[in-house]
Each structure stands twice: as C-alpha cells, then as structure tokens.
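Please look over the sequence and the model below.

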Amino acid sequence: MRYLQILNIACLIAGASMTLVLSVVTLIMALYQEEAAQVGGSFAGVAAATVVFALFGLAAAAAVWGMRRGAAWRWIAQGVLFAVIALLVTYLRNLA
C-alpha cells in the first residue's frame, strides 16, 4: 500500500503543477488573444488540456485522501484515478 500511496502523491503533484502551469498559459492567451492567434495558439485546446489535467489532479487528490484515511471508498477513488489516467493518455495521444 505504501508504494501505491507514493504513486498517488506523485500523480497529485504532477496534476497540480500541470494544472497551475496551463492555467497561467490559458490566462495569458485570454488576455492576448490576437497575438496568440498569430503564432498559431489554440485557446480552446489549451483550456481543454487545463480541464483534463485538473480532473487528473482532483482524482489523484481523492485517491491520496482515501488511502490516507483508510476510507471504504478508497478503491473506487483508485479506479477513478486509473480511468482518468487512461483519459489523459488518450487525450494527449490525439493531440499529435
């Protein structure tokens, strides 16, 4: 269980940091829409990526909290985290 908790914490850190970074990028693109369009930036794409990474971070937070408290729903939260990871991988593979 300890290794799973370490993996959950790593997912939480990755999800939170990517959400923070993409939120700043989304804010900058919202403020400078004309310049972002000139360099080929897609506001909708960056906003969608922000939402997907936010879901990833929230699912990881639920998994960490459930494991730490020993809650009855901890395995459901773990399954949701793995489902969100699959969604994230699918989303990122379709970007290319």
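This is a predicted model: local features need pLDDT of at least 70, side-chain atom pairs count only at pLDDT 80 or more; totals for chains, interfaces and linings use all residues.

## Gln78

Residues are numbered from 1 along each chain as its sequence is written, and side-chain values use heavy atoms, with hydrogens and water left out.

What does the side chain of Gln78 join in a polar contact? The partner is the side chain of Asn8, at 2.9 Å. A polar contact is a pair of N or O atoms within 3.5 Å; within protein, one must be able to donate a hydrogen and the other to accept it, and residues adjacent in sequence count only if both atoms are side-chain atoms. Set aside neighbours within four places in sequence, and Gln78 is in contact (heavy atoms within 4.5 Å) with Leu4, Asn8, Ala63 and Met67.

## Helix α4

Gln78 lies in helix α4. Helices are DSSP runs (H or I, at least four residues), as are strands (E, at least two), numbered from the N terminus. Helix α4 covers residues 74-95, which is 22 residues. The expected span is 1.5 Å times one less than the number of residues. That gives 32 Å, and the end C-alpha atoms are 32 Å apart, which agrees.

Which residues of α4 are buried? They are Ala77, Gln78, Leu81, Val84, Leu88 and Tyr91. Seen down the axis, they fall within an arc of 140 degrees, so they line one face of α4. The arc is that of the directions from the helix axis to the C-beta atoms. An α-helix has 3.6 residues a turn, so residues three or four places apart point the same way. On the other side of α4, Ile76, Arg93 and Asn94 are exposed. The cover over the buried residues of α4 includes α1 (2-31) and α3 (43-69).

## The whole chain

The protein chain has 4 helices and 0 strands. Its C-alpha trace spans about 50 × 25 × 20 Å along the principal axes. Buried residues make up 31% of the 96 residues. Take the contacts between residues at least 6 apart in sequence: 68% of them join residues at least 24 apart.

Key. Buried means under 20% relative accessible area, exposed over 50%, partly exposed in between (1.4 Å probe, protein chains only).
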